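User: Please take a close look at the aromatic ring pairs in this model. I would like the geometry and the surroundings of the rings in one connected account.

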Amino acid sequence: MKYYVGIDLGGTNIVAGVVDEDYNIIAKASTKTNCPRPDKEIAADMARMAVEAVKNANLSIDDIEWIGVGTPGIANSETGIIEYSNNLGFKNTPMVKYIQENINKPVFIENDANAAAYGEYVAGAAKGAKNAVCITLGTGVGGGIIIDGKIYSGSNFAGAEIGHTVVHVDGAQCSCGRKGCFEAYSSATGLIRMTREAMEEHPDSIMVKNAEEKGKVTARTSFDCMRLGDKYAKAVVDKYIKYLAAGITNTINIFQPDILCIGGGVCNEGDPLLLPVKALVKEEVYTRNSEKNTEIVIAKLGNDAGIIGAAFLGRANQ
C-alpha cells in the first residue's frame, strides 16, 4: 500500500491528511493558520501537521511518497511558488522550498479549488469523467477544471476563476474589483447579502424573526424561511437560483464537460437547490437539443476533496 499526504491550506485552518492509494483518508492533523504572519512560519506549521498526521496514521515519514498542497491564490505548480494569495498575504512565496526545508520529500502545490476538483475527479462525484468542472459555493465561488484527466490552470496558473465571470453587468460590487460577478451573487456571501437586502425591504418577513432568534443571518436563512411559507424568502431563493443557473450555464457552454459538480455548504439544501437549477440550465444551455448533455451533480467529498486532491497532485504532475 502506498501513502501520500494532502494539505488543505485555508485562511482559518491548516489540515493535513494521510491518504492511501485507494483514496481513503486514514488520519488527519490540523492547526489554526493564524494569519497574518510570516509565510515561513505557516510553511513550518504545514510541515508539522504533515508529520503529525503521519504519526496519527501509525506510519513514518519514510512511508510517504510525496506531499501535496492546495492553497488559495495563484500557485505555480512548475516553480513551487505561490505567486499571490490575497487571503494569506503571500506574494512570490517559495512554498515548496520552505516545506522541504522541514521535510525531505517531493512537494507539489496547486490552487485549492483545483485540488478539490481533482479530488472529486479521482474519488468523488466526477469519478470516471474525461472532462469535468467543479464549482465550490463558499465564501467565494471557486472553480476547478479537468480536461482529459489533467488539471487546467491556464498559461499563468490563474485559470478556472469561474467566480469572476459576470452574470449581471453593473451589478453588485465584487471583491475582485468588478461588478456583477458570479461570485457576488452565487457565493454564500452573496446569498447572505441578498437575504439582508430582502429583510430590510420587508421587515415583516419571517427571515427577520428567524435571524433574531439565531443571532445572525446565514446562507440557510432564506431556504429555512421559504420552507416556513415566507414569500419574501422564496423570492430570495428564486433569485439566488436564477444567478447560480446562469453561471453554471455559462460554464457548460464554454467547456461542455461530462460532469459539472457543485459543492459547498449551500449544496446541503439538496433537491430544493439542485432540481430548479437543473431545470433552468436545461432551458438555457446552448446544447439543449443535443442527445448528450452535461450531468449536474452535488459534490460528494465535502471538505475532504481538497485533502484527497492535494494528496494525488504527484500523480497529476506525472
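**Aromatic pairs**

Analyst: Y4 is buried, with a relative accessible area of 6%. The model is a predicted one. W66 is buried as well, at a relative accessible area of 11%.

A search of the whole structure gives 6 aromatic pairs. Y4 and W66 form a tilted pair, with 4.7 Å centre to centre and 35° between the planes. Y4 belongs to strand β1 (residues 3-9) and W66 to strand β4 (residues 64-71), so this pair ties together parts that are 62 residues apart in sequence.

The rings of Y23 and F312 have their centres 4.8 Å apart and their planes at 50°, so this pair is tilted too. The pair links distant parts of the chain, 289 residues apart. Y23 sits in the loop between β2 (13-20) and β3 (25-32), while F312 sits in the loop between α10 (304-311) and α11 (313-316). Both Y23 and F312 are buried.

These two pairs are connected: ring pairs link Y4, Y23, W66, F108 and F312 into a cluster.

C181 is in no disulfide, and the nearest cysteine sulfur, that of C176, is 3.7 Å away, whereas a disulfide needs the sulfur atoms within 2.5 Å. C181 is buried, with a relative accessible area of 0%. For C225, the closest cysteine sulfur is in C267, 20 Å away, which is too far for a bond. C225 also counts as buried, at 0% relative accessibility.

Key
Residues are numbered from 1 along each chain as its sequence is written. This is a predicted model: local features need pLDDT of at least 70, side-chain atom pairs count only at pLDDT 80 or more; totals for chains, interfaces and linings use all residues. Side-chain values use heavy atoms; hydrogens and water are left out. Buried means under 20% relative accessible area, exposed over 50%, partly exposed in between (1.4 Å probe, protein chains only). Rings of Phe, Tyr and Trp (its six-membered ring) pair if their centres lie within 6.5 Å; planes under 30 degrees apart count as stacked, over 60 as edge-to-face and the rest as tilted. Helices (H or I, at least four residues) and strands (E, at least two) are DSSP runs, numbered from the N terminus.
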